[in-house]
Amino acid sequence: MVIYAVKDYEEMSKKAASIIGAQILMKPDAVLGLATGSTPVGTYQQLVKWYEQGDLDFSKLTTVNLDEYKGLPGDNDQSYRYFMNTNLFDHVNINKENTFVPNGLEEDAAYECGRYDKVIEATGGVDLQLLGIGGNGHIGFNEPSDSFEKGTHCVALTESTIQANARFFDSIDDVPKYAYSMGVGNIMSAKKILLVASGQGKAQAVYDSCFGPITPQVPASALQLHTDVVIIADEAALSLCREKGVL
């Protein structure tokens, strides 16, 4: 595990984008695992900028997203398909037929989870998986639990996650209570993992994930077992690590 300490969100975003950009340049037909939420927005903006400058070509890429809210169609402005379109896909020359997000409108959870696992398998494997991290240590929608989920699964979102996501909706009552998410096993199967973290609210999660015990109560702690993990975090997100003297 390599931890890059950066000054702020802007520097975090640019450094993360440079790692993803290098992956695209080295392997133009790479498979990227992508994340949503506020943290990676700056990374996507930087990638779009480099595409517009002629530095990156997305035409041969395949992407698989971590998760999607259950019950939301892809054209809903709070769905993760919509997020990816508006923050990245609509602005680069990617073939959207090669971009995959769980189907939030599939009511049969067992069917959708099995289908999405097959989609991931059919890509040949994720070359680089981008992750954010929740304040409770969740990655994707893998919430604190008694065990690590291996494959794609339907998650009942915790109250803390619902509260954290409420800022994106008109009312907390509008926040979906369930989501489809890749499992920790899916995430760990990626060849390289890139986690980005910004802000004081992520300090405890970053410390617990990197230096605490490996436990499903902190899902991101499983990353300690992966052979190629890069974490890019700003000063605020690393503040507890500094305080504890581990960095």
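Predicted model: local features only at pLDDT ≥ 70, side-chain atom pairs only at ≥ 80, totals over all residues.

Me: What radius of gyration does the chain have, and what would a compact globule have?
Reply: Along the principal axes, the C-alpha atoms fill a box of roughly 45 × 40 × 35 Å. For 247 residues, a compact globule would come out near 18 Å. The chain agrees with that, with a radius of gyration of 17 Å.

Me: How much of the chain is buried?
Reply: A residue counts as buried when its relative accessible area is under 20%. The chain exposes about 10,900 Å², and carbon and sulfur atoms supply 49% of that area. Of the 247 residues, the buried share is 53%.

Me: What share of the contacts with a separation of 6 or more comes from residues 24 or more positions apart?
Reply: The secondary structure comes to 8 helices and 10 strands. Among contacts in the chain with a separation of 6 or more, residues 24 or more positions apart account for 79%.

Me: Which domain does UniProt place at residues 11-226?
Reply: That span is 33% helix and 14% strand, and its end C-alpha atoms lie 25 Å apart. The UniProt entry, which is unreviewed, gives the domain as "Glucosamine/galactosamine-6-phosphate isomerase".

Me: Is helix H3 mostly covered or mostly open, and which residues are buried in H3?
Reply: Helix H3 covers residues 80-87 and is mostly covered, with 6 of its 8 residues buried. Its cover includes strands S2 (31-34), S3 (62-65), S4 (67-69) and S5 (99-100), along with helices H2 and H5 (159-165). The buried residues are Tyr80, Arg81, Phe83, Met84, Asn85 and Asn87.

Me: Is serine 79 buried or exposed, and which residues does serine 79 touch?
Reply: Serine 79 sits in the loop between S4 and H3. With a relative accessibility of 0%, serine 79 counts as buried. The C-alpha atom of serine 79 is 11 Å from that of leucine 105, which is 26 residues away along the chain. Not counting residues up to four places away in sequence, serine 79 touches Glu68, Leu72, Pro73 and Gly74.

Me: Which residues does glutamine 46 touch, leaving out residues up to four places away in sequence?
Reply: Glutamine 46 belongs to helix H2, residues 41-52. Its relative accessible area is 12%, so glutamine 46 is buried. With residues up to four places away in sequence left out, glutamine 46 touches Lys14 and Ala17.

Me: Is lysine 15 buried, partly exposed or exposed, and which residues is lysine 15 in contact with?
Reply: Lysine 15 is part of helix H1, which runs over residues 9-26. Its relative accessible area of 30% makes lysine 15 partly exposed. From lysine 15 to leucine 56, 41 residues apart along the chain, the C-alpha separation is 15 Å. Leaving aside neighbours within four places in sequence, lysine 15 is in contact with Tyr4, Val6 and Ile232.

Me: Where does arginine 242 lie, and which residues does arginine 242 touch?
Reply: Arginine 242 is in helix H8, residues 239-244, and is partly exposed at 46% relative accessible area. Arginine 242 and valine 229 are 13 residues apart in sequence, with 20 Å between their C-alpha atoms. Not counting residues up to four places away in sequence, arginine 242 touches Ala5 and Leu247.

Conventions. Residues numbered from 1 in each chain as written. Heavy atoms only, no water. UniProt positions renumbered as here; feature names shortened; annotations may be inferred. Helix = DSSP H or I, 4+ residues; strand = E, 2+ residues; numbered from the N terminus. Rg over C-alpha atoms; globule rule 2.2 N^0.38 Å. Buried < 20%, exposed > 50% of the residue type's maximum accessible area, 1.4 Å probe, protein only. Contact = heavy atoms within 4.5 Å. Areas by Shrake-Rupley, 256 points an atom, 1.4 Å probe, with all protein chains shown as cover.
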